[in-house]
Amino acid sequence: MKTVVITGATSGIGFEAACAITAQGMRVIGVGRSAERCERAREALLSGMPEANVDFVCGDLSSQREVHAVADAILSLLGDEGLWVLISNAGGVRSWYTTTADGYEMQFALNHLAGFLLAHRLWPRLKQAGGRIILTGSNSHKMARMHWKDIMFQRRYSCLMAYKQSKLCNMLFAAELNRRQSAVKAYVVDPGLVNTDIGNKETSGLVDVFWKLRKRGGVDPEVPAQTYAFLCSRQPAPEGLYYHNCRSVAYSKRVNDAADAKRLFELSEQLCGVKFGGGEL
Ligand SMILES: NC(=O)c1ccc[n+]([C@@H]2O[C@H](COP(=O)([O-])OP(=O)(O)OC[C@H]3O[C@@H](n4cnc5c(N)ncnc54)[C@H](OP(=O)(O)O)[C@@H]3O)[C@@H](O)[C@H]2O)c1
């Protein structure tokens, strides 16, 4: 049975992707930050599909120590098996400049670095399965550029700019992985505007009010969930990098900037204290 790891599987898009993928007969290992919400999500999944093969691993992915612990727990659940797909979907928004346990800006650390580090730790198993990596991006990456001189917005924080840049990082990371190797194909999903609570968690003031109004125009998370199910099941591996509604779509020209992609990859290695894939890429 193929195994799919989904981070941020306790609510919103990740939870619905977990439902759609288990419905295809794959095993799902969900990751969430709260033991209680992990258990609730597992029960909700099983109540709709008692035969589903689903486990949850709990850890705060904004902390690199916890990313390593989550990776260890996933590896032990996998036993000798390969990993078919890693869906790096967990993400968040912060109204104000906030740092993680490692001292990094929260949106950059959670929305980008956590996925980079988890992909590194699970890389041998993804390679073993000839698998795939799917990152949850956003159309907002088209309005972003890399702020190399102040990548964590320490000097002048903007919630929106930090968020959009983190989503451009998802695109650059996936593009760079595909450039460096072909054993594991990387994709980014644009879920579109989705009615979830992402902008109402750990936010305040204008961001909270703005998102309460904006999300009403969003689709239900079951809609983007279909794109993840498509990318997990389609054979042979679909061409293209950026998917929306199960179709390959256009993305920002900045994503083709190989120098930016390489620079981000090397900076991420440095900030995570690793050589991706043991330096073989
Ligand atoms: N909603 C949209 O319109 C939209 C549009 C474009 C892209 N996206 C992207 O879609 C992804 C999923 O967001 P969503 O809209 O589905 O929102 P969501 O319902 O808030 O889902 C976010 C998931 O990430 C988890 N998470 C948050 N912080 C975490 C941490 N520190 N450690 C581990 N897990 C953590 C959340 O756990 P809890 O359940 O405990 O909160 C939840 O499971 C994000 O990457 C977001 O940037 C969303």
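**Helix packing, ligand shell and backbone**

Author: Helix α3 (residues 64-78) and α4 have axes that come within 10 Å and cross at roughly 30°. Please bear in mind that this is a predicted model.

Reader: Why is α3 described as roughly parallel to α4?

Author: Angles under 35 degrees count as roughly parallel. The axes cross at roughly 30°, and that makes α3 roughly parallel to α4.

Reader: In which hand does α3 pass α4, and which residues make the contact?

Author: The crossing of α3 with α4 is right-handed. From α3, the contact takes Q64, V67, H68, V70, A71, I74 and L78, and from α4 it takes A114, L117, L118, R121, L122 and R125.

Reader: How do the residues of that contact divide by class?

Author: The contact of α3 with α4 has 9 nonpolar, 2 polar and 2 charged residues.

Reader: Next, α4 and α5. At what angle do their axes cross?

Author: The axes of α4 (residues 106-129) and α5 (residues 159-180) cross at roughly 15° and come within 8 Å. The two helices are therefore roughly parallel to each other. Here α4 passes α5 in a right-handed crossing.

Reader: Which residues make this contact, and what are their classes?

Author: On the α4 side they are Q107, F108, N111, H112 and F116; on the α5 side they are A162, Y163, S166, K167, C169, N170 and F173. By class, the contact of α4 with α5 has 6 nonpolar, 5 polar and 1 charged residues.

Reader: And α8: how does it pack on α4, roughly parallel or roughly perpendicular?

Author: Helix α8 (residues 258-272) and α4 pack at an angle of about 80°, with their axes 10 Å apart. That makes α4 roughly perpendicular to α8, since an angle of 65 to 115 degrees counts as such. The contact consists of L113, F116, L117 and H120 from α4, together with S268, L271 and C272 from α8.

Reader: How many charged residues does the contact of α4 with α8 have?

Author: The contact of α4 with α8 has no charged residues; its members are 5 nonpolar and 2 polar.

Reader: What does K127 touch, leaving aside residues up to four places away in sequence?

Author: K127 touches A183 and V184 on that basis. The C-alpha atoms of K127 and A183 are 6.1 Å apart, although the two residues are 56 apart in sequence.

Reader: Turning to the ligand, which residues come nearest?

Author: There are 30 residues around the ligand, and G8, G12, G91, T196 and I198 come nearest. The elements that give two or more residues to this shell are α1 (12-23) and α4. Of the elements, α1 gives the most, with 3 residues.

Reader: What is the class make-up of the shell around the ligand?

Author: The shell around the ligand has 16 polar, 9 nonpolar and 5 charged residues.

Reader: Where does D197 lie, and what does D197 touch?

Author: D197 is in the loop between β6 (185-189) and α6 (205-214). It touches S11 and G12, not counting residues up to four places away in sequence. With 12 C-beta neighbours inside 10 Å, D197 counts as exposed. D197 and G92 are 105 residues apart in sequence, and their C-alpha atoms are 9.8 Å apart in space.

Reader: Lastly, the backbone. Which peptide bond is cis?

Author: The bond from Q235 to P236 is cis, with omega near -5°. P236 is in the loop between α7 (222-233) and β7 (242-244).

Reader: What is the phi of F153, and of N245?

Author: F153 has a positive phi of about 55° although it is not a glycine; N245, also not a glycine, has a positive phi of about 50°. Most residues other than glycine have a negative phi, and most peptide bonds are trans.

Reader: Where are F153 and N245 found?

Author: F153 is in the loop between β5 (132-136) and α5, and counts as partly exposed with 17 C-beta neighbours inside 10 Å. N245 is in the loop between β7 and β8 (247-248), and is partly exposed with 15 other C-beta atoms within 10 Å.

Terms used. Residues numbered from 1 in each chain as written. Predicted model: local features only at pLDDT ≥ 70, side-chain atom pairs only at ≥ 80, totals over all residues. Axes fitted to C-alpha atoms, helices over the stretch in contact; angles between N-to-C directions. Helix = DSSP H or I, 4+ residues; strand = E, 2+ residues; numbered from the N terminus. Parallel < 35°, antiparallel > 145°, perpendicular 65-115°, else oblique. Left-handed = near helix turned anticlockwise from the far one by under 90°. Contact = placed C-beta atoms within 7 Å. Nonpolar A, V, L, I, M, F, W, Y, C, P; charged D, E, K, R; others polar. Near = placed C-beta within 6 Å. Buried ≥ 20, exposed ≤ 12 C-beta atoms within 10 Å, placed from the backbone.
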